[in-house]
Amino acid sequence: MLKVLRDLLRYNREFLFGTLLIGIIIALVIASFFSPYDELTTYAVIPDMPPGGEYWLGTNSRGQDMFWQLAASMRNTLMFGLVVAIISRVIAIVVGLVSGYVGGKTDQIIMAFNDTLGALPNIPILLLLVFVMRDQMTWGVLALTAAMLGWTHDSRLIRSVALSLRTREFTRHAAFSGMRTGQVLFREHLPYVMPIVFFTTMNNLIWAIGLEVTLSILGFSDINRPTIGGMIYWANAHSAMVAGIWWWIAVPMLAVVILFLGLFLLAMSVNEYIDPRSRLARMGA
Amino acid sequence: MTLAMTNERSVAQAADVLTIKDLKAYYINDLFGVRREVRAVDDISLTVRRNEIYGIAGESSSGKTSLIKTIAGAIRPPMRVVGGEVRFDFGGKHIDVYAEPGKMKAARWQNLSYIMQGSMSVLNPVRRIKHAFNNFAFRHMGLDRTAFRARVESHLQRLGLDPNVLEAFPHQLSGGMRQRVTIALATVCEPEFIIADEPTTALDVLVQQDVLGLIKEVQERLGSSVVFVTHDMSVHAAITDRLAIMYAGRLAEEGPTQAMFDTPQHPYTAHLIASLPRIGDTATRKSLAGKPPSLANPPTGCRFHPRCPIAIDRCSREVPDMLPSAIGGRVACFRAGEVSVK
Amino acid sequence: MNGYLNYVAKRFGQFVFVVVTGVTLSFLIAHFSPVDPVEQTVSLLTNFGATDPRTVEVLRQSLRELYGTDGSLLSQYFLFWGRVLTGDFGPSLSAFPTPVMTIIGRALPWTIGLLTLATLISWVIGNFLGAIAGYFRNSRAIKLVGLFVMALQPIPTYITGLTLLIVFGFLWPILPISGGAQLNLTPAASWAYISSVIQYGTLPALTLVLVGMGGWFVSMRSLVSNIVTDDYVVYAELAGVPSRTVFSQYVARNAMLPQVTGLALSLGNVFGGAVIVEFIFNYPGIGKLMIAGIYAGDYSLVLGVTTFSVIAVATAVFLIDILYPLIDPRVKLG
Ligand SMILES: Nc1ncnc2c1ncn2[C@@H]1O[C@H](COP(=O)(O)OP(=O)(O)OP(=O)(O)O)[C@@H](O)[C@H]1O
Ligand SMILES: [Mg+2]
């Protein structure tokens, strides 16, 4: 594993660049734990200071230091993405492996359900939920809901691999030697689907964070909890653009771009590493 | 017509259409700094004459397809030509395949056509057959649309195909019909040189006979040269004039087909011939011990020596040259001619 | 032909299944929410002054009827289906007493127009560039374009939209950034009106195109780089077929087909993007309607729009699905 990482860093420029960008983000998250301010307090510093020596990224109209605000927001936003990604990964793996391993009618039914769920437009349903839940809509509930909506595509992918594993020698051996289904899936099949899981996790993370950013910008999450989208929400609420406090908008937007580009580059290069066909294509002539 | 007569004819008109010299082509994978070479074509020299069917035999993975892809200038990464040359002589028009890609491109389908291995998948799945003929052959024929269509239809009929197949999609045809279509496609421009890679392998025996007859007939009518690749020795016995045996990316032996079947000079040739089933034969055939060698890391000396029943010390140290053999061909073996088919 | 009918029937079954699931889900979310829409609306209205207890009680009763929150769960569920099938979601609260369906009807052409155009453009451009990038792998210029297109794709719609709004609305104000058309123009088939619609639609459409393009680009490129190693492509190249023909008739044609299926699969997401874009640019479509409804606490409007969008997306997917066999000769019907 370590050797793979080293090789990727050395020979894959996308991976190197992606690691660099995500490195910045992680540094920011670590910094958030050493913040001199409580992330929820307002009017702790002089408002509306442009970026400079004292306040690196300036301060906003609510009297918050943008740097520390950004650090806390990044941590919360990433946290949200990770929670969604982990929960939906578990669902996707279980559904995909079981459906692929059991096969037959069960598989058909599970996949029909899977595809139906995947065909529903997420945003309107989430918005409806946000609407009816109102103040009860904490980030935890939101994460759970997003996780429920975000696994269908990946479970189908995992299922197709599981389906191809089903007929392999070792599955039969394992089944004959009296392993229970759960054991077969966990010990024999899981390792094979891990690369796909890794790749889809990146994409899922991108999707989940995008969702969070979008909903918070609209003010549909807990607006007091600092998040990247929340920062933009407050900037909009104070008409930062019109008032000329451009850094209030620019800082979170830049952070989003760095985060998403980093994740995307990592996902892409890992995918390339996994898929021999695209490796071949890369070598060109 | 007997094989002997064919041979005389080709000798009489001896003129080489294809000359290969010291050809080396490797699959080179260079990933994350680890280099892996598969030497699928390793130092091969041979010539193909006008108006003959030249067979190439050898077990699976011996590099047959790789060799003829290199001949046809059809290599794609990760394969690379590492050394040697391939030259064609189409009635005075000389082409060095790897030095003159432009000339080669112009000669494709006009002078040289190719029937790919796995002909089931060589037709565009979403277009009707007629488009394949238009794309492949139209610009070489110098005919207008209607005359071209008429020519294609009569050509198909001669090959026992209903002209209606032109309006069909590939998936609507049976395997045998598709194979015939690819043969029609490869011969419609009446090229001097046809390369056929396992054109009969996927077919059942009766259709196989048909297709073999077809290729033979077309070849005789056009007087072209055919390089015919298959691992099936009985097919070689039935159709080829001269035969080359490949083993692990190299030539083991080459010679007149009939003579090679009578008195194989190389122990590997003898093994291939001995493993052919014969009528009235009940004894089980002895299969060769050991596995085919890895082309990424081939054995030293003669590549066949680990499996050779008559190997001597020298075989593992020195690489045998291709030298003239007793039956008018060439052979790469220190103990050439010392085995016989029981 | 019989085979085709069978195929359509099967797809229709799927379509019905998706719609039933979506409508049921909407119903359940609405029903099991901790918030009572009747009480919520009542409190919203009483905030504006109507505090006479008797009036409030009458209001409460009529709202219960309106929202169908009387009776058992099952009877409420069937009542809800009745409303869905007749397209009657009751009057909107924020635009009382206009029926929700009328408001949706007014917004619908805007969303359909914007979405269809933007989706088609991004599909065509993304696939075209992706196909070129997959086929001419060694061209530097194409690699550069590809990098740009791909880098845009993971960025959330909102950020791209906001950036465009800042650039073309504030820094270099050349395009209108709010609304669907100039307000003082009456909708008519006049050039002035149409050109105004185009101008106002440019930024929203551009956002959707920029966001959508990358996905098509990436998947098309990988499809094509797989297809170029397929036998029929290698064979055509070997035969000396001109590369323009190989590209268009062999490579692109084959790679296009899965992308049509992909289009159907992505419609749900595309619709989500439209909701955001309409909000940013204050575009008078369904999405803006929904968000405005949420801000205004307009229960029937939000529920109506959600249910309607689920059905609309499912319908669009169904249409693409049943048209697909007409372009792919290989689909085995039956
Ligand atoms: N794209 C590739 N990359 C790496 N190695 C390859 C590639 N294609 C073929 N090889 C290797 O080259 C060797 C020769 O393959 P080739 O296809 O020429 O064999 P063949 O004699 O035609 O076999 P068959 O009778 O099965 O068609 C094999 O060991 C194969 O594994
Ligand atoms: Mg082969």
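Of the 285 residues of chain A, 52% count as buried, where buried means under 20% relative accessible area, exposed means over 50%, and partly exposed covers what lies in between, with a 1.4 Å probe and protein chains only. This is a predicted model, in which local features need pLDDT of at least 70 and side-chain atom pairs count only at pLDDT 80 or more, while totals for chains, interfaces and linings use all residues. Residues are numbered from 1 along each chain as its sequence is written, chains are lettered from A and ligands numbered from 1 in the order in which they are written, and side-chain values use heavy atoms, with hydrogens and water left out.

Chain A has 13 helices and zero strands; helices (H or I, at least four residues) and strands (E, at least two) are DSSP runs numbered from the N terminus. Among the contacts in chain A with a separation of 6 or more, 69% come from residues 24 or more positions apart, a contact being heavy atoms within 4.5 Å. The chain exposes about 13000 Å², of which carbon and sulfur atoms supply 68%, as computed by the Shrake-Rupley method with a 1.4 Å probe, where for residues only the protein chains shown count as cover.

Part of the surface of chain A is a nonpolar patch formed by A:L82, A:I86, A:V90, A:V94, A:V98 and A:V102, with about 480 Å² of accessible area together. Patches are made of residues with over 30% relative accessible area and no salt bridge, like charges being joined within 9 Å and nonpolar side chains (Val, Leu, Ile, Met, Phe, Trp, Tyr) within 5 Å. One of these residues, A:L82, lies in helix α3 (residues 66-102) of chain A and is partly exposed, with a relative accessible area of 42%.

Because A:D154 lies in helix α7 (residues 152-166) of chain A and A:R89 in helix α3 of chain A, the pair ties together parts that are 65 residues apart in sequence. A:D154 counts as buried at 8% relative accessibility, and A:R89 is buried with a relative accessible area of 8%. Chain A also places arginines over aromatic rings: A:R62 lies over the face of A:W234, at 3.8 Å from the ring centre, and A:R75 lies over the face of A:F33, at 5.3 Å from the ring centre. Such a charge sits over a ring if NZ of Lys or CZ of Arg is within 6 Å of the ring centre and within 35 degrees of the ring normal.

B:R307 forms a salt bridge with B:E59, the closest N and O atoms being 3.1 Å apart. Since B:R307 lies in the loop between α10 (267-274) and α11 (313-317) of chain B, and B:E59 in the loop between β3 (53-57) and α2 (64-71) of chain B, the pair ties together parts that are 248 residues apart in sequence. B:R307 is buried, with a relative accessible area of 11%, whereas B:E59 is partly exposed at 23%. B:R221 and B:E217 also meet in a salt bridge (3.6 Å, N to O), and both lie in helix α7 (residues 205-222) of chain B, four residues apart, about one turn of the helix. Salt bridges that share partners also join B:E52, B:R242, B:E254 and B:R330 into one network.

The structure holds 27 aromatic pairs over all chains. Rings of Phe, Tyr and Trp (its six-membered ring) pair if their centres lie within 6.5 Å, with planes under 30 degrees apart counted as stacked, over 60 as edge-to-face and the rest as tilted. The rings of B:F138 and B:F148 have their centres 5.1 Å apart and their planes at 85 degrees, so this pair is edge-to-face. B:F138 lies in helix α4 (residues 129-141) of chain B and B:F148 in helix α5 (residues 145-158) of chain B, ten residues apart, and B:F148 is buried, with a relative accessible area of 2%.

In chain C, the rings of C:F12 and C:F318 have centres 5.6 Å apart and planes at 65 degrees, so this pair is edge-to-face. C:F12 lies in helix α1 (residues 2-32) of chain C and C:F318 in helix α12 (residues 299-327) of chain C, so the pair ties together parts that are 306 residues apart in sequence. C:F12 counts as partly exposed at 42% relative accessibility, whereas C:F318 counts as buried at 13%.

Notes. Salt bridge = Lys/Arg side-chain N within 4 Å of Asp/Glu carboxyl O.
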